[in-house]
Amino acid sequence: MSAIVHQHVPLTHPRLPRWAPALVGVISLALAALLGISLGWGPVGIVVVALLVYLVGLPVWSRLVENRRAATNRFVTTLVWVSLGIALVPLGSLLWKVISLGAPQVNGRFLTWSMKNVFGESGGIYHSLTGTLIITLIATIISVPVGLMTAIYLVEYGAKSRTASAIRFLVDVMTGIPSIVAGLFAYALFTLLFGPGTKIGFAGGLALSLLMVPIVVRSAEEMLKLVPDDLREASWALGVPKWKTILKVVLPTALAGIITGVTLAVARVIGETAPLLIACGATTAVNLNPASGQMSSLPVFIYFSYTQPGANPKILQDMAWGAAFVLIVVVMVLNLIARVAGKILAPKTGH
Amino acid sequence: MAKSIDVSDLNIYYSDFLAVEGVTMTIPARSVTAFIGPSGCGKSTFLRSLNRMHEVIPGARVEGKVMVDGQSLYDANVDPVEVRREIGMVFQRPNPFPTMSIYENVLAGLRLNNKRLKKSEADSVVEKSLKGANLWNEVKDRLNKPGMGLSGGQQQRLCIARAIAVEPQVLLMDEPCSALDPISTSAIEDLIHELKEEYTIVIVTHNMQQAARVSEDTAFFNLAGAGKPGRLVEMNPTKKIFSVPDEEATEAYISGRFG
Amino acid sequence: MSVIEQKAGSPKRRLGDLVFANLTFGSGLLILVALAGVAIFLTIQGIPGFSAKAADLDGHANFIAYVWPLVFGTLLAAAIALLIALPLAMGVALSISHYAPRRLAVVIGYLVDLLAAVPSVVYGLWGISFLGPRLAPLYGWLGTHLSWIPLFKGPALNSGRTILTAAIVLAIMILPIITAISREIFMQTPRLNEEAALALGATRWEMIRLSVFPYAKSGIVSAAMLGLGRAMGETMAVAMVLSATGIVSFNLISATNPSTIAANIALKFSDSTGVQVNALIASGLVLFVITFIVNFAARAIVSRGDVRNK
C-alpha cells in the first residue's frame, strides 16, 4: 500500500455560532414584518415570507462560512421542522374553530332536545346522540367477538399457516376499504333482504362493523402475540386444555391491550359519516329502534345542518359547530379512556 | 500521517450516570493499542469517546481532554463530523450498507465530500482500499455485487476498507472479531499487523490471546466496584502486562481468577 | 389420539378444543366472506346501473361516460393530496424518528394521532367555512398572474371551494397514516447502519440518506399508496368542500370542478330513486375495485419488504 500523502488536517473548520439559527430567524421575521407592514400583507403572508427568507438565508450563510455539506444539513433540518409546523397549523386552526364556535352552543337544551317540530329556533342533538350511541353499540357488538375470535385464530391456531397469512393479508387490505363502500354494502344487503330503500339503524351498525373489524383484529392480534409462550406452556403442563388456556390465561393477560384497541376502534368509527348517510339516513326525531325507520347520528346531523340548513341557516350552522364540538370531545375522551384503561388494567406482574 | 492520542482525566457520562471515570493515557502513533477488561467496564464507551461516536446516544457527554495532534477533540469549535473522518471506526458486527454494492460501500465515505469523483480515481481508491484490507483478490470479479452477499469475515474486511478509504489518521476497532469464526479472525489479525504501518490502531477485545498477539500496548479497564464507574487500572507494554503486570487486579484478570 | 402426540406436549384434543378452534377459524372465514360479500352485493345491486339510460345518469350516454369524469376527479384529487402530504409526512416522520429529542418526539406523536382522530365531517366543516375562504385570495392571485399555467387558468372561485382546496384537506387527512407508517420504518433502521454512516463522518442528513432511506424505500412507497387509497375513498370532506360540476378538467381553481366517486355518491344518494341508485352503487363498485387494487399492492409491498429485511 502506497504511503498516504496526508497533510496536517485540521479538525476544526469555521463554524456558525450556536446562536446563528436564532439570529437568522429574528432577522427573517423582522425583514418580513417590515415588508409585510409596508405592503399590507396579513400575518400569514408575513410568516410565509419570513420562513422563505430563513430557508434561504441560513444555508447561504452556512455555505459561505462552513461548507456545502453543512449547508445542506442545515437546509434539511430546517425543512424537517418547517414541515412539522405546516402539519400542525391545520390541527391548531381546526381545534380552535371547533372550540370557539362549538363550545358556546352546548347547554342543557342542546343535549336533551331533538329537532322534532323545531322551527326557527335552535333545538338539540339528543336524537343524534342516541342514534350514534345505538349504531356504535351495534357495530361494537358485531365486531368485537368476530375480531377477537379471528385474532385468536391468527395467533393461537393458524399461526404461520397459509390460511392464516391469507386472512391476515386480507384484513390489512380491508382497513383500506372506503367508508362509503361499507355503507353501500350494508344498503345493498338490506335492499336485497327487505326491499329497496331500507335505511335503518342496524344497517348503519353493520356498515361500521365492516370498518371496525379489521382494526380490532390487528390490535388484538398484536396484544395476543405479546403474551409470553411460557404462560401458555405452564398452563398446558398443568393439563389445562388449549381452549381453556386461551380463555383463562391468554385473554386475561392481554385484556388491557385488547380493551385499549377496541376503544380506539370505537373512536375511529364513531365519527364516520358517509356509511350512515347511505345506510341509515337522517331524521329529526328520536328513534331508539334500530330495526325500523331512519336514525340520525351526530356526524350526519353535522353534515345536513351545515350544508342544508333550510330557512334559518345561521341557527342550524351554529348547531353544526356545537355538534362537531360534542363529537370531537367524545372522540378525545375515548382516546383518553383507551390510554388510561391500558395503563390501569395492565397485568401487575408485567415485564 | 498517523497521530498519537493524549487523553487526560476523561469522565464519560450517560445523562447523570458516570460510566467511565478519570482516564489518562497516551496512545502511541503507528502502533496497536488493545483495551481489555470485563464486560461493562466502559472500554467500548471509552473507545467511542475517542471519535465522538458516543454522543450519538442522547444524553451522553464527557468531561476532560482528548488531544489528537495538538487539537482537543472536545473544543467548542470542533466539528464531530470532521473528527469522525479523521478517526475511523470498525464495529463489533460487520455493517456494510445493505443496499450498496461492494464498490459503492468502499466509496461511501469519500462520496460524502466529493460528489463528482472521476471514474478512474474512484477505481483506484476502491482497489487500493480493498488491497489494504486484504480483500481485493476475493472480490475483484464481483465489485458490483451487494456487500451483504459476502461472508461475515469478508464483510468485516469490507468495513475496514470502507474506513481506510477516507484515509483517516486513527482506526478504532470495537471487538472487530467477536462475531467471526477463527479463520476470519486470523485474517483480520494479519490485516491489523499490516495496517499499523500507517495507522494508529486502537482495538477493544474480549479475547486476551488476541490482545497478546496483535498489540504493542495494552490497557486494562475494570469497574471500581459494583455499580461504580469503570476506570483504567493500568496501561503498559503488552509483553509486560502479560508477564509482570504492575497491579494485582490485572494479574488476577489475566490469569483468569476473575472476570 | 396417539400416545406419542400427547408425549410431544400437544394437549389432548377435547370436544371443547375442537369447538373453540373451529369457532375462531369460522370468525376468520366470516371476515373473508364479508369482504367477498361487499363485492357480491355491490355487483348485484350495481348491475342495473351498468346498463342505465341517460335519464338516470345525469344525461350521460352510458355508464362509462358517467363514471369516467368521476374516476378522473377521484384520481386527480388523490394525486394532488399525495403530492402535498408525502413530503410533509416525511418531514414529520423524520422529526419524530431522528430530529426531536425523545420527549418532544412523544408529544409530536400524540399530536399526529390527534390529527388522525378528527372525524372527516369536521374536516369538511373546517374546509368549507375556514380554509376555502382563506385560500380564495390566493386563488385570485394565481388566476390573475399565473393563468398561463393550465392548472391555474381560473377564473378563480370566490368561495375557494375548488378541487385544490379539497385536495389540501385530503392531504391533511392522509398525513397521519403516511407519517405513522414511515415513522415506524425509519425507527427500525438498524442502529449499526446509522453508526456506520456517522463513523465515516456523515452529517445527520447524510446519515439519513445513506442508511435510513435505502432501508425504508419499500415502506415509504407502500405508505404513500395507503395514503393514496385513503384519499380516493375519503367522502365527506370532499363532498362538503368541493363545489363540483362533474367535468373533466385540470383547472384547479375555477368554479367548475371535477367531482369524485365517493363525494358524488354522498351528495346524490338521498335524492336518487330506482336505477339512479343502482348507478351510484355501480360507481361505488368501481371505487371499491380501484381502492382494493391500490391497497392490495401497498400491502403486498409491505409484506414482501418484511421478508427481505429480516
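## Surroundings of A:Phe185

In this predicted model, A:Phe185 touches A:Ala207 and A:Leu210 of its own chain together with C:Gly37, C:Val38, C:Phe41 and C:Leu42 of chain C, when residues up to four places away in sequence are not counted.

## Nonpolar cores

A:Phe185 is also among the residues that touch the most other members of the largest nonpolar core, which holds 279 residues; the others are A:Ile302, A:Ala324, C:Ala77, C:Ala81, C:Leu170 and C:Ala266. Helix α3 of chain C, residues 63-99, supplies the largest share of this core with 20 residues, while domain 1 (20-104) and domain 2 (112-345) of chain A each contribute at least three residues.

## Domains of chain A

Chain A is divided into domain 1, residues 20-104, and domain 2, residues 112-345, and the centres of these two domains, taken over C-alpha atoms, are separated by 40 Å. Their contact takes 5 residues from domain 1 of chain A and 5 residues from domain 2 of chain A; on the side of domain 1 that touches domain 2, the residues divide into 4 nonpolar and 1 polar, with no charged residue.

## Contact between chains C and B

Between chains C and B, 17 residues of chain C are in contact with 21 residues of chain B. On the side of chain C that touches chain B, the elements giving two or more residues are α7 (191-199) and α8 (204-233) of chain C, and the largest share, 6 residues, comes from α7(C). By class, this side of chain C has 10 nonpolar, 4 polar and 3 charged residues.

Terms used: Residues are numbered from 1 along each chain as its sequence is written. Chains are lettered from A and ligands numbered from 1 in the order in which they are written. This is a predicted model: local features need pLDDT of at least 70, side-chain atom pairs count only at pLDDT 80 or more; totals for chains, interfaces and linings use all residues. Two residues are in contact if their C-beta atoms, placed from the backbone, lie within 7 Å. Helices (H or I, at least four residues) and strands (E, at least two) are DSSP runs, numbered from the N terminus. Ala, Val, Leu, Ile, Met, Phe, Trp, Tyr, Cys and Pro count as nonpolar, Asp, Glu, Lys and Arg as charged, and the others, Gly among them, as polar. A nonpolar core is a set of buried Ala, Val, Leu, Ile, Met, Phe, Trp, Tyr and Cys residues joined through C-beta atoms within 7 Å. A residue is buried if 20 or more other C-beta atoms lie within 10 Å of its own, exposed if 12 or fewer, and partly exposed in between; C-beta atoms are placed from the backbone. Domain bounds come from an automatic or database domain assignment.
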